[in-house]
Protein chains: 2
Amino acid sequence: MDRTELILHTARKHFSRYGYTKTTMEEISRDCKITKPTLYAHFASKVELFKAVIDLEQQKCNEDIAIALSGITSTSEKLAIYARVQVESLRKFINIGGFFSRQAIFDYHPDMYNIYKSYRKREEEFIAGCIYEGIRANEFTPVNIETTAGIFYLLIAIIKLDVLLASGSDNLIENAESIIPELSSKTENAVKIFLQGIIKRN
Amino acid sequence: MDRTELILHTARKHFSRYGYTKTTMEEISRDCKITKPTLYAHFASKVELFKAVIDLEQQKCNEDIAIALSGITSTSEKLAIYARVQVESLRKFINIGGFFSRQAIFDYHPDMYNIYKSYRKREEEFIAGCIYEGIRANEFTPVNIETTAGIFYLLIAIIKLDVLLASGSDNLIENAESIIPELSSKTENAVKIFLQGIIKRN
């Protein structure tokens, strides 16, 4: 593991455990056994480091999705699997999972909002790609791809947020396991309705 | 207007303009030309008063919905109209509209969360009633009514929140007019997919 990887790995652990606000660059550098100036030479700020952690988790999550999708040809099945992997990924990708909690977008922290926007853009592009494919394959009715991808993204995100809030804590590391069954079932229901809503009928 | 009505009317104006946190019982009592003890004799706390304002707005919004629904027999049309009136109501019911913003649920304020829960329960009951009716009339496929009502509620709520957040301000009184066109169009799209997803086909 090179130094950048070590920092990312350590930062990811700290952010997962204590959240963005409570994690300090001080603690990360100490845990990496490097000086603070060395840490800042790699990542100019805590925001930059957090962004890199989110990017890493998103990339890893996309790899899981790619594996789960191998061999699948039906576009609606692809979207259903995508949603299922997103739910399962809460166990592994705590920062993405907790990212939609108040520390991020609801505090209107501009840097956080920018990280959220670029994360979301990449997810919506994947979803839009599936919808485009489904329309081309005559599996879906012609819909506005961008709008429909946005709806699918939001639907999955709000169910996650809602189940998290109802659990009384947005601390994912404490309660990911306990919320996943309910979250899976609700997400599956919502995805089913969504897909029925755009699948072409004869 | 009796004194309770005067207080409610005044409080609604203050909460709309300054939000929950910045509104004080002091200012409301001054504006009503009553003493603070008199105000507290009517509403035991600011939370109680805010709850009463939310209840009032929800009741008024339900009246608008009932008027818009008169003569409509198709259940899917009813749900589409319900969603449309909810969007339009942002102009009139600023507290309900802004209610899902960070001052309320995302600050994990327990009292606020309770107000939100009872508001939402009533909305979901209305939606569930429509879905039940649609299934009985053979218009909708048999679905889990409670879960499906929850999905519909969340779908409308998240689109509202998302458009609000993207507008850069959750101050509804400032930007309700400017966000309503986009919100209407996105909500209409989402509702169309949802309804297509549960409408029975032959």
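Where in chain B does B:Lys33 lie? The legends below take up this residue and several other parts of a predicted model.

**View 1. B:Lys33 in a loop of chain B.** B:Lys33 is found in the loop that runs between α2 (25–31) and α3 (36–42) of chain B. The residue is not a glycine, yet its phi is positive, at about 55°.

**View 2. A:Asn138 in a loop of chain A.** The loop between α7 and α8 of chain A holds A:Asn138. This residue, although not a glycine, has a positive phi of about 65°.

View 3. Over all chains, the count of salt bridges is 26.

**View 4. The interface of chain A and chain B.** Here 29 residues of chain A are in contact with 28 residues of chain B. The size of an interface is often expressed as the accessible area lost when the parts come together. For chain A and chain B, the area buried between them is about 2700 Å², and 72% of it lies on carbon and sulfur atoms.

**View 5. A salt bridge between A:Asp162 and B:Arg120.** Two salt bridges are found across the interface of chain A and chain B. In the one shown, the side chains of A:Asp162 and B:Arg120 meet at 2.6 Å, N to O. Between chain A and chain B there are also two residue pairs in polar contact, with both residues at pLDDT 80 or more.

**View 6. The side of chain A that touches chain B.** Helices α7 (110–136), α8 and α9 of chain A each give two or more residues to this side. The largest share, 11 residues, comes from α8(A). By residue class, the side of chain A that touches chain B has 17 nonpolar, five polar and seven charged residues.

**View 7. The largest pocket.** Rolling a probe the size of a water molecule over the atoms shows where empty space is left. The volume of the largest pocket is about 520 Å³. Its lining has 19 residues, and those closest to the centre of the pocket are A:Lys186, B:Arg120, B:Glu124, B:Glu146 and B:Gly150.

**View 8. The lining of the largest pocket by element and residue class.** Both chains contribute: α8 (145–166) and α9 (172–198) of chain A, and α7 (110–136) and α8 (145–166) of chain B, each supply at least two residues of the lining. With eight residues, α7(B) provides the largest share.

Conventions: Residues are numbered from 1 along each chain as its sequence is written. Chains are lettered from A and ligands numbered from 1 in the order in which they are written. This is a predicted model: local features need pLDDT of at least 70, side-chain atom pairs count only at pLDDT 80 or more; totals for chains, interfaces and linings use all residues. Side-chain values use heavy atoms; hydrogens and water are left out. On a 1 Å grid over the protein atoms alone, a cavity is a set of points where a 1.4 Å probe fits but cannot get out, and a pocket is an open set with protein on both sides within 12 Å along at least five of seven lines; lining residues have an atom within 4 Å of a point. Grid points are joined across faces, edges and corners, and a volume is the space filled by probe spheres set on the points. Helices (H or I, at least four residues) and strands (E, at least two) are DSSP runs, numbered from the N terminus. Ala, Val, Leu, Ile, Met, Phe, Trp, Tyr, Cys and Pro count as nonpolar, Asp, Glu, Lys and Arg as charged, and the others, Gly among them, as polar. Contact means heavy atoms within 4.5 Å. Buried area is the accessible area (1.4 Å probe) that two parts lose on being put together, summed over both. A salt bridge is a side-chain nitrogen of Lys or Arg within 4 Å of a carboxyl oxygen of Asp or Glu. A polar contact is a pair of N or O atoms within 3.5 Å; within protein, one must be able to donate a hydrogen and the other to accept it, and residues adjacent in sequence count only if both atoms are side-chain atoms.
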